[in-house]
Amino acid sequence: MKEIKILTPVGMLGYGFPEEFYLKGLERNPDAVIIDSGSTDPGPYMLGTGATLVKPMAYEKDLKVILRGIGEKKIPFLIGSAGGAGTKENVDYMIETIQKICAELGLKKKIVGIYADVEKERIQSALKSGQISSCSSSPILTDTDIEHSVRVVAQMGAEPIYEALKRYPDADIVVAGRAYDPSPYAAFCMYKGITDPGIYWHMGKIMECGGFCCERKSQVILATVREDSFDLEPMDPSNRCTEVSVASHTLYEKTRPDLLPGPGGRLNLQGSQYEQFTDRVVRVKGSQFEPSAVYQVKLEGAALVGYRAVFIGGVRDPILISQLDKFLENVKKRLESMYPSLKTGEAKIFFHIYGKNAVMGTLEPKKDAAPVEVGILGEVVAPTQELANAICSNTRVGVLHMPYPGQLATGGNLALPLNPPDNALGPVCRFSVYHLMDVESPLELFPIFEVEE
Amino acid sequence: MEKLSEIAKIIRSKNSGPFEITFDIMFPDEDSYKRVKESKVLNRELISGIYNVKDEDIITFMSFDPALAFKFTLKRSPSTQQGSINEYDTFGAQQHAPLLDIEIP
C-alpha cells in the first residue's frame with residue numbers, strides 16, 4: 001500500500017528543536033518537511049501591530065537547520081501561517097529570510113507563496129448578505145468592528161496549498177499565509193493521492209503541534225500516512241507515542257476533543273481507534289471527515305483599542321488591605337472628576353489585585369482570602385499615549401496618597417518597586433473579527449504566486 | 001474520600017480560541033478514570049457552583065474515553081478581552097486551581 005512520510009521538526013517554527021533528531025527524521029527519507037508557524041494564542045497584538053510570534057533570530061536559526069538538513073535533496077518544505085499572524089507582511093518577510101539563508105547555504109530553491117489577507121469591503125458585503133457567523137463564542141460582528149480592523153486574514157483550507165503544489169510541481173518551498181493549522185499536511189496528502197480526508201485531517205491536527213502528542217511533550221516527529229491509517233513516531237528514541245497520549249492530543253486548546261470543525265467540514269473522531277503498534281509507535285484508524293454544505297473560512301482581525309500605561313505597587317498595611325475594594329472605587333471616582341474621558345468611557349482604569357483575585361477575576365471562588373500583602377497592577381488605557389500616561393500618573397498618586405478610614409500609616413499607601421513608577425506600554429489591540437465567512441470557492445481569497453529568483 | 005489532585009494525572013486550563021477557556025482532567029489509568037466517572041461527582045452543576053457560572057456559559061461538559069479524560073469549556077468573562085485590556089490570564093492557563101480539591105469517594 002502507498003505510504004507517504006511527513007517530518008515535522010517542531011510544533012512552532014522558531015521554537016527550536018534538537019538537530020540530531022531532525023537529522024534522524026531525514027534519514028527516514030520523508031516525502032515532505034512541514035511546519036506550522038502560526039497562532040492566535042498569545043493574543044491580537046501580532047495581527048494588530050505586525051509583530052511576529054517569534055523573534056527574527058529564532059526563525060533564522062530554525063530555518064537554517066531545516067534547510068541545511070534538506071540540502072540539495074528534492075524534499076518539499078511547507079510552512080503554514082508564516083510569521084504567526086500569516087499576513088502579507090509576514091509571508092514576504094518569511095520568503096526574504098528563506099532567500100537569505102538559501103544564499104548563505106549556497107542552495108537554489110524555488111519558492112511559492114500564498115497570501116491570506118481579506119479586504120474589509122469583502123467582509124462588509126458578506127455581513128450585509130448574512131454570510132458571517134460567530135465562531136467559538138465570538139460576539140456579533142458589527143460594521144464598526146470591520147471598519148476599525150487594522151488587518152484581517154482568513155484561515156486557508158487545504159485547497160490553496162494543494163493548488164500551489166499542482167501548479168508548481170517543482171516548488172521546493174511553499175510559504176503560506178494564515179492557514180487552518182492542519183492544512184499544509186492535508187494538502188500534501190491530497191497532492192500525493194491519499195483520498196480519505198479523515199486520515200489526513202486527523203494526522204494534520206496532531207502533527208501541526210510537533211511532538212506534543214508523545215508521552216513526553218517533545219519536538220521532532222514523523223508521520224507515515226496510508227490510505228486507511230497513519231502512524232506517529234517521535235524521532236527522539238527515548239520518547240514514545242502511546243494510545244492515550246495520541247488520543248489526548250485533541251483535548252489541547254479545543255472546545256471538545258471529538259468534533260473539530262474547519263474549512264470545508266468537520267473532523268469526527270468519535271469512531272477513531274488508536275493502536276499501540278510498537279512500544280513507541282501508535283497507529284490511528286477510523287477518523288471521519290464530514291464535508292459541510294457551505295464552505296466557510298475563519299476570519300481573524302485585530303483593531304487598535306488605545307494606548308496603555310501601567311504602574312505596579314505592593315500594599316502591606318492590613319487596615320488598607322481589608323478595605324481595598326472600597327478604597328480603589330474612591331480613587332476611580334476622584335480620577336473621573338479630573339478626566340472627563342474616564343466618565344465617557346473613552347479612557348479606562350483597571351486594577352489587578354494580586355493576592356486577592358487578579359488571576360481568576362470573577363471566577364475566583366475564594367472570597368475570604370486575607371493575604372499578608374497584595375500587589376496592585378494599575379492599568380490605564382486611553383485614545384492617546386499622552387492621555388494614558390497622564391491618567392496613570394494621577395491614578396498612581398491617588399492610590400499612593402488618598403486617605404481611608406482608620407488609616408495609621410500616612411507615609412504612602414504603596415511600596416513602589418520601579419523608578420519611574422509609571423510606564424508607557426504602547427498600543428493595545430483586540431480581536432475585532434473572529435468569525436466564519438461563507439465563500440463560493442476555497443481558493444477565492446488566497447492568491448498563489450511564484451517568487452522571482 | 002480522596003482529592004481529585006491525588007487521583008488525576010493532569011488538571012489544566014487553557015484558551016480554546018479567544019472567547020473560551022477549556023479545562024481538562026486526565027487520569028493515569030482506566031481504573032482511576034472509571035472510578036471518577038462512576039462516582040458521577042464531576043457534572044455541570046458542580047462546575048456551575050465552583051466557578052459561579054450559569055449553565056448556558058458552560059459550552060461543553062463531557063467525558064472522553066479514549067483519552068481517559070473529562071473536559072469542560074466555559075465562555076470567557078465578557079469584562080475582559082483575550083490578550084487585550086483588563087486581561088487577567090492571556091493563555092487561560094491558571095484557572096484550574098478550584099478543581100484540585102474536588103472530593104471523590
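Two strands pair if DSSP finds at least two bridges between them. Strands (E, at least two residues) and helices (H or I, at least four) are DSSP runs, numbered from the N terminus. This is a predicted model: local features need pLDDT of at least 70, side-chain atom pairs count only at pLDDT 80 or more, and totals for chains, interfaces and linings use all residues. Residues are numbered from 1 along each chain as its sequence is written, chains are lettered from A in the order in which they are written, and side-chain values use heavy atoms, without hydrogens and water.

**Strand pairing in chain A**
- Strand 10 (residues 259-262) and strand 11 (residues 265-268) of chain A pair antiparallel over 4 bridges.
- A:L260 has A:L267 in strand 11 as its bridge partner.
- The two strands form a hairpin with 2 residues between them, and A:G264 in the turn has a positive phi of about 90 degrees.
- Strand 11 of chain A also pairs with strand 14 (residues 288-291) of chain A, antiparallel over 4 bridges.
- Here A:N268 stands opposite A:Q288.

**Interface of chain A and chain B**
- Contact (heavy atoms within 4.5 Å) takes in 40 residues from chain A and 40 residues from chain B.
- The buried area (accessible area, 1.4 Å probe, lost on being put together, summed over both parts) is about 3400 Å², with 62% from carbon and sulfur atoms.
- A:L251, A:T255 and A:L363 supply 19% of the area that chain A buries against chain B, more than any other three residues.

**Salt bridges**
- The interface has 2 salt bridges (side-chain nitrogen of Lys or Arg within 4 Å of a carboxyl oxygen of Asp or Glu).
- One joins B:K14 and A:D41 at 3.1 Å, N to O.

Terms used
Buried area is the accessible area (1.4 Å probe) that two parts lose on being put together, summed over both.
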